[in-house]
Amino acid sequence: TESRVLHPAFRQKIMSAEQAAAHIMPGDNVGMSGFTGSGHPKVVPVELAKRIEATHARGEAFRISVWTGASTAPELDGALAKVNGIEMRLPYQSDPVCRQKINEGTMQYADIHLSHVAQHVWFGFYGKLNVAIIEVTAILEDGSLVPSTAIGNNKTWLDQADKVILEVNSHQSMHLHGMHDVYYGTQVPPHRLPIPMTHSDNRIGVPYLQVDPAKVVAVVETNSSDRNTDFTAPDAESEQIAAHLVEFFQHEVKLGRLPRSLLPLQSGVGNIANAVLAGLNKSSFENMTAYTEVLQDGMLDMIASGKLRHASATAVSLSKKGLKYFEDNIEQLRSKILLRPQEISNHPELIRRLGTLSMNGMIEADIYGNVNSTHIMGTRIMNGIGGSGDFARNAYISVFMTPSIAKGGNISCIVPMVSHVDHTEHDVQVLVTEQGLADLRGLAPKARAKLVIEKCAHPSFKDQLTDYYERSLRESPGKHTPHILTEALSWHQRFEETGSMKRG
Ligand code: 0RQ
């Protein structure tokens, strides 16, 4: 294939991945591209992992900090974690090897709101960014960079890093050019101005990334695919969750609280989110829009059917089948999809102004509506908060969803008190399980508790929850948010000890 490195100054820097990886030093903070398995560097991290492994074999220390947009893939997070090469990871991961290292206590992990990352780096909160490793689709004649399938924090990494390594991936479609909207107007306080966006399909920036060529130490040509994880077909439970939500939105339209085309949709990652989008695709709503982080297959299907008029995101994260449709139809899709930096896709100012309908997955919720999205039994990380907090607090309506039970019915996802809080009761308006939907807007704690138990809990845990709640009402010293503190987390403790939350 013809080289996609069209600018002579960049062409002079073309080298192997191994040579490029030699620019990274022990202790470096390294900013990498990548968001939900898309647009991450494919080869330099692998060569870096080899170098780290060889260094460790000589008995010398070599660890780096890895900052990304969000989750990546086995050839980045997995490879570096496997050789114990990561000292600190931020802001989001979903890799099994990373998860294991974090939970065994050998890797540090800072789980950060995705909208915070770029500005915290500008403010200097995490120290100096030494190196950026960024995947791009092409380097044009004038030196501008055509972004890949995800933008994430790339603008910030390119601006802030001392040294830049570019991976130019010819596997990505050249037709991505024009699908990106990179806003260069962000400032730090006290110089901030309003971000000039009033509709989710507004273009406010330029379709390329910029980099100072003097900082580019290496250009590596690659040809590899993104993670392209397949989704499972919606199961009965996910379809029930979707049905409850569609009915709720219809009700809100009827009451005049939502327009007929709804408001911009934000949908989280995973199979349930995908099933909800499939439900919306079959619904009577039309001309919908999306203001979200990740564009999954479910949204692509909605664009294909004409139900979704436009989607704004920071990454496309597609299955192999979804990717084929995307690439075959990319000419038409370019006017319907905009990819933006994550500081914009997740910006609280914009989420509040646009009024998103935000739908995210959770691990558990408690009877008062506090939500745990990240920790298994309070101590073990699953993935991270990702963008769910950016959206939850600022959405028009913020929805959290989960099946009502997990692990073959031994776990109730509705508990007396969550074992870790990511989204407080103040940020959670609607809870949905396959059992039903609890609309918590405007309710005081005791009314919330009754509704959550009634609508969301699994029948096999309803009595146990009701019993806890009623005894709390009697025994709790405070009657605003009644609890029996010595018992509130006993369900989790019982699971750790016996393998079930069920009372013997
Ligand atoms: O365990 O993996 O061992 O089978 O948790 O559960 O049901 O497959 O859920 O894939 O929809 O993910 C919250 C993790 C849900 C996700 C979470 C066990 C269950 C299973 C996974 P196994 P499911 P999903 C946009 C927004 C935070 C980030 C976010 C997430 C595993 O949605 O990471 O929202 N969200 N970002 O068996 C113990 C419980 C459990 C439980 C389920 N109550 N207790 N284990 N499990 N419930 C995207 C970005 O920001 C990038």
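**Close-up views of a predicted model**

**Figure 1. Contacts across the whole chain.** Among contacts in the protein chain between residues at least 6 apart in sequence, 74% link residues at least 24 apart. The model is predicted. The protein chain holds 19 helices and 25 strands. Its radius of gyration is 23 Å, close to the 23 Å that the globule rule gives for 504 residues, so the protein chain is as compact as a globular protein of that length. The C-alpha trace spans about 75 × 55 × 45 Å along its principal axes. Of the 504 residues, 52% count as buried.

Figure 2. An unreviewed UniProt entry lists residues 10-221 as "domain: Acetyl-CoA hydrolase/transferase N-terminal".

**Figure 3. The shell around the ligand.** There are 29 residues around the ligand. Gly270, Gly361, Asn383, Gly386 and Ser388 come nearest. By residue type, the shell divides into 15 nonpolar, 11 polar and 3 charged.

**Figure 4. Glu293, annotated as active site.** The "active site" annotation on Glu293 comes from an unreviewed UniProt entry. Glu293 sits in the loop between strand E10 (288-291) and strand E11 (294-295). The cut-off for a buried residue is 20 or more other C-beta atoms within 10 Å of its own. Glu293 counts as buried because it has 30 C-beta neighbours inside 10 Å. Leaving aside residues up to four places away in sequence, Glu293 touches Leu114, Ala313, Thr314, Ala315, Gln342, Ser345, Asn346 and Gly387. One of these contacts, Leu114, falls in the stretch 10-221 that UniProt lists as the N-terminal domain.

**Figure 5. A three-stranded open sheet.** The 3 strands lie in the order E17-E16-E23, and their pairing is mixed. Strand E17 (371-372) and strand E23 (414-415) stand at the edges. Each has a single partner strand, so one side of each is left without a neighbour in the sheet. Strands of a sheet pair through backbone hydrogen bonds, either parallel or antiparallel. Strand E16 (residues 364-366) and E23 run parallel, joined by 2 bridges. Ala365 has Ile414 in E23 as its bridge partner.

Methods
Residues numbered from 1 in each chain as written. Predicted model: local features only at pLDDT ≥ 70, side-chain atom pairs only at ≥ 80, totals over all residues. UniProt positions renumbered as here; feature names shortened; annotations may be inferred. Near = placed C-beta within 6 Å. Nonpolar A, V, L, I, M, F, W, Y, C, P; charged D, E, K, R; others polar. Helix = DSSP H or I, 4+ residues; strand = E, 2+ residues; numbered from the N terminus. Buried ≥ 20, exposed ≤ 12 C-beta atoms within 10 Å, placed from the backbone. Contact = placed C-beta atoms within 7 Å. Rg over C-alpha atoms; globule rule 2.2 N^0.38 Å. Pairing = 2+ DSSP bridges.
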